[in-house]
Every structure is written in C-alpha cells, then in structure tokens.
Amino acid sequence: MASNYPLKLHSPINRLQFDIADGSEDHLIASLRTHPDVRRHLPMFPLTMTVEEAASLRRYRAANPTYCDYHLHIVEEGIRKFVGMIGFRNLDEDNGSVEMGILLFPDFHGKGFGTETLYVLLCYLFEERRMHRVSFQTSVDNAQMRGWFDDVAGVTLEGISRELWRSVEDRNSYVDVAIYCILEQEWRDAVKKRLNQRLCKK
C-alpha cells in the first residue's frame, strides 16, 4: 500500500513539492488524464473521467503494495499549484525491478520540471529502495519524452513493443511503444551525473 512509502519526497533544488496522492485532488487527476495533449501519446486513456472514477482509480492503485503515486506542486506568490503526478508500479523487491511513469500538465512542459521530478523519484528508487532496474514506456511518436531519454538522461532504449496500446477512440487502432531502462550501474556511473548537471543550470 502507499503507506509503505514516504508521504513526501524532497527535491534538491526545492522548486517542486512531492506529496503522496490523497483524495483532495481527484478532480485535477481527472482533468490531467483526459487532457488532449496528454492523450495524444496515451490513446488508451479515457476521453472523459468523472471525479468518482478518478477516486476509484486512486483507491485501486493505493491498495496495491507495488504501486505508489506522488502529486507535484509548485508554490508561486504564496499560491500552491498542481503540476502533475509521478509514480511507479510493479515494484518487485525480489528482482529489484520497477516501472515508472510521469504526467505533467502541458503548461509545465519544457521548464525543467520533468527533469527535477524524474531525478527525485529515481534517487528514491535506486538509492533508498535499492532497485536494480527502472523501466519506462512511451509512445514511439512522443518526440519530447523520447528526446529526454535519449539526449538529456542518456537512457538505454531496449526495444519497441509493437501495437501495445489500443486507442479508446478507435478500437482498430494501436500504438507502438518504446521501452527504456536504467540499470543501477548506469544510474550511478552516468545518468545521475547528467541529471545533476542539468538541474544545476536551473
């Protein structure tokens, strides 16, 4: 369950606040998961989502001990703003593997929040949970996310899963998915240093 994980995570540059998901922002999650720019690369996400459906999804994920979600916030002029969420699933202690995912509202893209967010959760997974392997999935057409993996972080592309995600709009349409992975030695020897350098420029 989510209670097995820290209620908060801390960023080294303190722009973002990380709070474990609770019921206070289900309406924002519903808006995020159905945003057209988010769904462009996640066509299996629903076209519409009620607050009750977002709450049901949150409870389902919170009840699974291998899942954990954090909500992301910034504080500007005393006002707390919801940026998006990051989380992991299928945390396998025996094999030291886990899958990560991130969703940000488009207004916060291209401002370094993705790097900060991913860095914080990667630090937690590799350095506190002692994971050996962290993997990611993204649409092959998601140039921004794939550019981050390839050019910013230097993450290894393991392969393409063909027609892995099915569109909710067109049940005859499928999306190819790129699988990326960081191993613990890659994190320690290269990826962490690259992200640290990027954060220092913010």
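1. In this predicted model, helix H5 (residues 143–153) packs against helix H6 (residues 184–200), and their axes come within 10 Å and cross at roughly 95°. Because angles of 65 to 115 degrees count as roughly perpendicular, H5 and H6 are described as roughly perpendicular to each other.

2. On the H5 side, the contact with H6 is formed by Trp-148, Asp-150, Asp-151, Val-152 and Ala-153. H6 contributes Val-191, Arg-194, Leu-195 and Arg-198. Sorted by class, the residues of this contact comprise 5 nonpolar and 4 charged, with no polar residue.

3. The residues of H1 that make the contact with H3 are Asp-26, His-27, Ala-30 and Arg-33. Those of H3 are Val-51, Ala-54, Ala-55, Leu-57 and Arg-58. The contact of H1 with H3 has 5 nonpolar residues, 3 charged residues and 1 polar residue.

4. Is Ser-139 buried or exposed? Its relative accessible area is 3%, and Ser-139 is therefore buried, the cut-off for that term being under 20%.

5. Which residues does Ser-139 touch, leaving aside those up to four places away in sequence? They are His-41, Arg-146, Trp-165, Val-175 and Asp-176. Among them, Arg-146 falls within the residue range of H5 (residues 143–153).

Terms used: Residues are numbered from 1 along each chain as its sequence is written. This is a predicted model: local features need pLDDT of at least 70, side-chain atom pairs count only at pLDDT 80 or more; totals for chains, interfaces and linings use all residues. Side-chain values use heavy atoms; hydrogens and water are left out. Buried means under 20% relative accessible area, exposed over 50%, partly exposed in between (1.4 Å probe, protein chains only). Contact means heavy atoms within 4.5 Å. Helices (H or I, at least four residues) and strands (E, at least two) are DSSP runs, numbered from the N terminus. Ala, Val, Leu, Ile, Met, Phe, Trp, Tyr, Cys and Pro count as nonpolar, Asp, Glu, Lys and Arg as charged, and the others, Gly among them, as polar. Axes are lines fitted to C-alpha atoms, for helices over the stretch in contact, and angles run from 0 to 180 degrees between N-to-C directions. Angles under 35 degrees count as roughly parallel, over 145 as roughly antiparallel, 65 to 115 as roughly perpendicular and the rest as oblique.
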